[in-house]
Amino acid sequence: MLIQIISLLLNVAVGLVAGACLLRLYMQWTGTPFYNPIGHLVLALSNWLVLPMRRFIPAAGRLDSASLVAAAVLKLLQHLLLSALIVGLTGAATPLLATIVMALFDLAALALSLATAVLIAAVIASWLRIDPALAHVLHRLTAPILNPFRRWAPTPGGLDLSPLFAIVAIQVLSIVLRYLQDLVLRALVIG
């Protein structure tokens, strides 16, 4: 029970900060401005980690490498702490390579969850009257995800179904990701 509680707390804390780092990366890649409530939250959660890393990790074009590395390091530390806790409480050790692989798959799963959350927020915002600046940010964040679906998705009665198709596609990717994770971990542990 203690491992589950600590795992939950670590997952929430690391997920919040690593998610902010990933959203920062995505916002910079899409050219979304940070002068809005979402941008201020992202910067507040990630500046303490990303800004020092930028001294050593340069950007690769529009890709903010420091934000990606920061998110990956956080997920790796989360999994290393959980592995150490499990060893301390049960004596069962997880191979280091398996821990690293789990952290990378967890980072990819976090990115997919973040994409789903942004899509859901944009759909809800489209139903409500929200601040136009916030609506603009959500539109900028969702456009790269939705545009491929908008090209072929039907619009019955003028209803944009592209968010539904995008969320279903993300869920399919999540299932494939979990399947690949299981395959890789089995190969590492058994092999």
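Me: A salt bridge is a side-chain nitrogen of Lys or Arg within 4 Å of a carboxyl oxygen of Asp or Glu. In this predicted model, what makes Asp160 and Arg150 a salt bridge?

Reply: The closest N and O atoms of Asp160 and Arg150 are 3.1 Å apart. The cut-off is 4 Å, so the pair counts as a salt bridge. Asp160 sits in the loop between α5 and α6, and Arg150 in helix α5, ten residues apart.

Me: Why is Asp160 called partly exposed?

Reply: Asp160 has a relative accessible area of 32%. Buried means under 20% and exposed over 50%, so Asp160 falls in between.

Me: Why does Asp64 count as buried?

Reply: Its relative accessibility is 4%. The limit for buried is under 20%, so Asp64 is buried.

Me: What makes Arg24, Arg54 and Asp64 a network?

Reply: Asp64 forms a salt bridge with Arg54, with the closest N and O atoms 2.9 Å apart. The side chain of Asp64 also meets that of Arg24 in a salt bridge, at 4.0 Å from N to O. Asp64 takes part in both pairs, so the three residues are linked.

Note on methods:
Residues are numbered from 1 along each chain as its sequence is written. This is a predicted model: local features need pLDDT of at least 70, side-chain atom pairs count only at pLDDT 80 or more; totals for chains, interfaces and linings use all residues. Side-chain values use heavy atoms; hydrogens and water are left out. Buried means under 20% relative accessible area, exposed over 50%, partly exposed in between (1.4 Å probe, protein chains only). Helices (H or I, at least four residues) and strands (E, at least two) are DSSP runs, numbered from the N terminus.
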